[in-house]
Every structure is written in C-alpha cells, then in structure tokens.
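Hello,

Here is the structure we talked about, passed on to you for a first look. My notes on what was found in it follow below.

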Amino acid sequence: MANESVLKTIHPSDVKDLKFLIDSTRPNAVPEAYIQPLKYRPAKSDRASSTRHDTIPVVDLAKLKNGLRQDVISAIGSACEEWGFFQIINHGFSPLTGQRMLEATEKFFNLPVEDRMAYFSLDMTKPLRYGTSHNPTYDSALQWRDYMYLPCKLAEENVQTWPAVYRKEALDYVKEMNNLKEMLLELMSESLHLAPSTLRNVLGPDMLHNMVLNYYPACPQPDLTIGFREHSDKSTITILLQDGIGGLEVHHKDCWVPLQPLKDALLVNLGDVMEILSNGRYKSIAHRVTVNSNSKRLSIGSFYNVAYNAIIAPLPHCVDETHPLAFKEVMFMDFFKKFVSRDLDGKNALDYVRITSMEEPYSSK
Ligand SMILES: O=C(O)CCC(=O)C(=O)O
Ligand SMILES: [Fe+2]
C-alpha cells in the first residue's frame, strides 16, 4: 500500500531508482515530484492528426543487395533532411542478438536494487553509470525512467566492468551494431555527396560509442508525466532498438508523431553533432517518450560520436554562398555539458553554437 505522505513529499534528488520506488510503494497515483509542467505532458492536441498522413520513413536496406544502392542513398538523404529520423528494415542486424539483449536488460532491472545502485552516479560525464530521470540535480520535475549507461568504445577491454548479467549479450550486441554503424555512416556520407569514408573519418579512431539501456515502468497516470522529455540526442547518429510496446514520438512539422513499433526494425536518429557537421542541412530530431499504464517499456540506444576533445564544426563541403556557415566550432565536451548540466528542454543546446545574423561567423576549417 502506498505511503501517500512519503510520495507527496519526496524530493527529486531523493530518488535514485524509480523501479524500486514503485516496487516498494505501489503508488496508484504519480508522486508529485513526477508531475510535469503542462508543456511537457503528452496531450492529444499536440499529436499530428491522422489526416496529415505523416509517415515516418522506412528504408529497406535489402535494396543494397539488389543493385539499388542509389535508391537507398536518396531515401536516407530525404529522411535526414525532412525528419532527421528513419527506420531501417533488412539491415542485417540479427533480431536474436537484439532479443537477447532486451531480455538481459530486463534481468538487470529485476536484480535487487543494491546491484543497480553499485553503478549509481550523478556525474553525467561518467560513461559507466546508473541513473534515473535525466539529471535529478537539475530536473525541475522527474521523468518516469531509469537507465544504465555503458561505455562501448573499447568493448573488449571494458566488458569486465559491465554488469555481469548482460556482459555477453551486450558484447555481441556492440559488435554487430558497430558493423551497422559503419554501413550507415557510409550511406549518409554519400547522401551528402561526400566520399563514403568521410563521416567515419570525422568520427575518427577515438570515436565515442556509448550505449544506454532505458527502463520505463508502467505508470498509474501516464498523462501527468513523461518517460523522457523532448530532447535531441547529442550524438552524430543514434541507433535504437525498442521492444514492441511503443511510446516514442518524434517532432515533425510542429506536431508529435507517435512511432508504431515495426517488427525487427531499428531506428536511426540524427543527433545535434550531425546537424552541425552538415551545416544544418540534416536536422537532429526532437523526440520524447510517453509511458502507459499497462506495461513497462525497454529501449536500447547506441550513440556514436566524435571524441570528447574533438572540435566540431560544419564540414567545408557543406558550406557555400547559398549555405553560409550556420554553427561556430566547439569542443564536443563543452557542447555535451550544455546538454547534461540543466533541465531537459528540446533542442536548445544547439543555440549555444548557432551563428546568429548579428555575429561574425568564425572561419570554417
Ligand atoms: O526510449 C526511447 O525510445 C528513446 C530513448 C532516447 O531518446 C534516448 O535514450 O536518448
Ligand atoms: Fe534520445
């Protein structure tokens, strides 16, 4: 039975694990700390009406084997320009590897809370870290989510530091995901009329790869809160695997478009670094996650990025007279800190590097 007074007075920074809070108190209402301001709650009125027929692009990578590479490249180019988001099917990533990772993730969240707390940290730059909400130090209202971050760059070397319950599954997952990432970076480079190796070279040998395991428990009043507030990823690309529950929504033409899970599809999501590299031609996508009262939901995100000490700036090829330099150069770590060191609020970290008409542009290197 819920201890109503405890749940009423709980302070955002007191919560370290939402799943434990729920398992131990079984609330039939959302604790006050989780009630989001109206503008962050999901509302029917901000969803795209079905008459708009917004269809999230689906790119069939089987066409690569059927001599239709150019079709794939142009489908990816349009999706990146118009949405900053697409689903891929026939991608070669084994559904079994994904399924095993989802099952192992569920096992992790079912471990005794102490086992998850062994990894808890509020330091958002720590690559191996358990957390809740987004950053409880700054979150004005908590988000209905727990998560685990794993550093995957040197997966074979790091694997012993990962929780044992999904070590093997995560290593298999990372190896396969890395191959898919290579292919996508090539196709995206070509869609920008660049040499296939361009984006891979920009990310470089020290490229970051972090994985996040997201757990959104079932929620007694899903309309009052949110699983993950609207945000854009700071990555170059994010490749996301989700279970079949649904809840992810992407922002398109001023409306939220819910994504219906498609069997065995993976989701590709452009992050802010890609928007900067492409000088704004490709857009990072604002997305959010709603929760539901029937079921928990799991998702696994693989974030690929430049090294923390890399300087990011628009690629010279993407800057010309009709596309003047749109972003200042910035060290990735400085940009990343803008994202993690405040309340989550849409795509606004990009404003920090956007060149406004009042400013002299920096020279592009
Ligand atoms: O759970 C999802 O579908 C999306 C998660 C997400 O946006 C993230 O981890 O950055
Ligand atoms: Fe995200």
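The shell around ligand 1 is made up of 7 nonpolar, 4 polar and 2 charged residues. Please keep in mind that this is a predicted model.

Which residues of that shell come nearest to ligand 1? Of the 13 residues around it, these are Asn214, Tyr216, His287, Arg297 and Ser299.

For His287 the distance is 2.9 Å. For His231, an N or O atom of the side chain is 3.1 Å from an oxygen of the ligand, and for Asp233 a polar side-chain atom is 3.2 Å from one. On its own, ligand 1 has 290 Å² of accessible area, and the protein covers 98% of this. The elements that contribute two or more residues to the shell are β5 (208-216), β6 (228-231), β11 (287-289) and β12 (297-305).

**The iron ion**

Ligand 2 is an iron ion, and its protein donors are His231 (NE2), Asp233 (OD) and His287 (NE2), at 2.1 to 2.2 Å. Along the chain, these donors have the spacing H-x1-D-x53-H. His231 sits in strand β6 and His287 in strand β11, 56 residues apart, so this pair links distant parts of the chain. Are the two histidines buried or exposed? His231 has a relative accessible area of 2% and is buried; His287, at 6%, is buried as well.

**Aromatic pairs**

How many aromatic pairs are there? The count comes to 12. One of them is Tyr34 with Trp144, an edge-to-face pair with 5.1 Å between the centres and 75° between the planes. Tyr34 lies in the loop between α2 (18-25) and β1 (58-60), and Trp144 in the loop between β3 (129-132) and β4 (146-151), so the pair ties together parts of the chain that are 110 residues apart in sequence. Tyr34 is buried, with a relative accessible area of 0%, and Trp144 is buried at 0% relative accessibility.

Phe93 and Tyr173 form another edge-to-face pair, 5.2 Å centre to centre and with 75° between the planes. Phe93 is in the loop between β2 (85-89) and α4 (95-109), while Tyr173 is in helix α7 (residues 167-191); the two are 80 residues apart, and the pair links distant parts of the chain. Phe93 counts as buried at 5% relative accessibility, and Tyr173 is buried at 0%.

Finally, Phe108, Phe109, Tyr130, Tyr166 and Tyr215 form one aromatic cluster.

Regards

Technical notes. Residues are numbered from 1 along each chain as its sequence is written. Chains are lettered from A and ligands numbered from 1 in the order in which they are written. This is a predicted model: local features need pLDDT of at least 70, side-chain atom pairs count only at pLDDT 80 or more; totals for chains, interfaces and linings use all residues. Side-chain values use heavy atoms; hydrogens and water are left out. A residue is near a molecule or strand if one of its heavy atoms lies within 4 Å of it. A polar contact is a pair of N or O atoms within 3.5 Å; within protein, one must be able to donate a hydrogen and the other to accept it, and residues adjacent in sequence count only if both atoms are side-chain atoms. Accessible areas come from the Shrake-Rupley method with a 1.4 Å probe; for residues, only the protein chains shown count as cover. Helices (H or I, at least four residues) and strands (E, at least two) are DSSP runs, numbered from the N terminus. Ala, Val, Leu, Ile, Met, Phe, Trp, Tyr, Cys and Pro count as nonpolar, Asp, Glu, Lys and Arg as charged, and the others, Gly among them, as polar. Donors are N, O and S atoms within 2.8 Å of the metal (3.2 Å for Na, K and Ca); water is not among the atoms, so sites may look incomplete. Buried means under 20% relative accessible area, exposed over 50%, partly exposed in between (1.4 Å probe, protein chains only). Rings of Phe, Tyr and Trp (its six-membered ring) pair if their centres lie within 6.5 Å; planes under 30 degrees apart count as stacked, over 60 as edge-to-face and the rest as tilted.
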